[in-house]
Amino acid sequence: MYTPSHSYNSGASAYAKVGTESGAMSASPHQLITMLFDGAKTAIAMARHHMANNEISAKGQAISKAINIVDNGLKASLDPEAGGMAGAELVADLSAFYDYVTQRLLFANLRNDPALLDEADRLLDNISSAWREIDPQQSRLLPAAAAAPGATRFSAGA
């Protein structure tokens, strides 16, 4: 059985990283948030895989990556000043939501519970699908209060 050499794996990883970085540099603010959702989903899927194969260290790393994306990507991008009072309320709700997702991920790791990974994945899917339905071109035409669903620093009008 052929096993790729370490240098091949490193090269492929570097190539994938450059592709991702290039995509992020050319992405719109709306697309960046979409990429964060995709990254969290991928990390959760990897955690599920590692959990099923009893790969404890890799599972922990994948869950840590998902938590990092949720906390330092999605949650950190929230802007309580976007959209006025309605935007501030939405940001508070989303912040609490992301805290809950993070908690589910932490418990999934501690309890080795795939059902908690599934719950976090479903929750993120709900918000992700709503985010994807936002038309960035149309939201530029809306007043700030009407654009509150995109109450992030990376809102479509930014």
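In the predicted model, the axes of helix α3 (residues 56-75) and helix α4 come within 10 Å and cross at roughly 175°. Because angles over 145 degrees count as roughly antiparallel, α3 is classed as roughly antiparallel to α4. On the α3 side, the contact is formed by Lys59, Gly60, Ile63, Ala66, Ile67, Val70, Asp71, Leu74 and Lys75. Their counterparts in α4 are Ser95, Tyr98, Asp99, Val101, Thr102, Leu105, Leu106, Ala108 and Asn109. By residue class, the contact of α3 with α4 comprises 10 nonpolar, four polar and four charged residues.

Two further residues of α4 were examined individually. Phenylalanine 97 is found in this helix, which spans residues 84-111. The relative accessible area of phenylalanine 97 is 18%, and since buried means under 20%, the residue is assigned to the buried class. Leaving aside neighbours within four places in sequence, phenylalanine 97 is in contact with Leu123, Leu124 and Ile127. For the pair formed with leucine 124, the C-alpha to C-alpha distance is 9.3 Å, at a sequence separation of 27 residues. Arginine 104 is also placed in helix α4. With a relative accessibility of 13%, arginine 104 counts as buried. Apart from residues up to four places away in sequence, arginine 104 touches Leu116, Glu119 and Ala120.

The structure holds seven salt bridges. One of them pairs the side chains of lysine 41 and aspartate 125, with an N to O distance of 3.2 Å. This pair links distant parts of the chain, as lysine 41 lies in helix α2 (residues 29-52) and aspartate 125 in helix α5 (residues 114-133), 84 residues apart. Lysine 41 is partly exposed at 35% relative accessibility, and aspartate 125 is likewise partly exposed, at 34%.

Arginine 48 takes part in a salt bridge with aspartate 118, with an N to O distance of 2.9 Å. Here too, distant parts of the chain are linked: aspartate 118 belongs to helix α5 and arginine 48 to helix α2, 70 residues apart. Aspartate 118 is partly exposed, with a relative accessibility of 29%, and the corresponding value for arginine 48, also partly exposed, is 26%. Arginine 48 forms a salt bridge with aspartate 121 as well, the closest N and O atoms being 3.4 Å apart. Arginine 48 lies in helix α2 and aspartate 121 in helix α5, so this pair ties together parts of the chain that are 73 residues apart in sequence. Aspartate 121 counts as buried, at 11% relative accessibility. Through salt bridges that share partners, Lys41, Arg48, Asp118, Asp121 and Asp125 are joined into one network.

At the level of the whole protein, the model contains six helices and zero strands, and the order of elements from the N terminus is α-α-α-α-α-α. Of the 158 residues, 32% are buried. Among contacts between residues at least 6 apart in sequence, 64% join residues at least 24 apart. The protein exposes about 9,300 Å², of which carbon and sulfur atoms supply 59%.

Definitions and conventions
Residues are numbered from 1 along each chain as its sequence is written. This is a predicted model: local features need pLDDT of at least 70, side-chain atom pairs count only at pLDDT 80 or more; totals for chains, interfaces and linings use all residues. Side-chain values use heavy atoms; hydrogens and water are left out. Helices (H or I, at least four residues) and strands (E, at least two) are DSSP runs, numbered from the N terminus. Buried means under 20% relative accessible area, exposed over 50%, partly exposed in between (1.4 Å probe, protein chains only). Contact means heavy atoms within 4.5 Å. Accessible areas come from the Shrake-Rupley method with a 1.4 Å probe; for residues, only the protein chains shown count as cover. Axes are lines fitted to C-alpha atoms, for helices over the stretch in contact, and angles run from 0 to 180 degrees between N-to-C directions. Angles under 35 degrees count as roughly parallel, over 145 as roughly antiparallel, 65 to 115 as roughly perpendicular and the rest as oblique. Ala, Val, Leu, Ile, Met, Phe, Trp, Tyr, Cys and Pro count as nonpolar, Asp, Glu, Lys and Arg as charged, and the others, Gly among them, as polar. A salt bridge is a side-chain nitrogen of Lys or Arg within 4 Å of a carboxyl oxygen of Asp or Glu.
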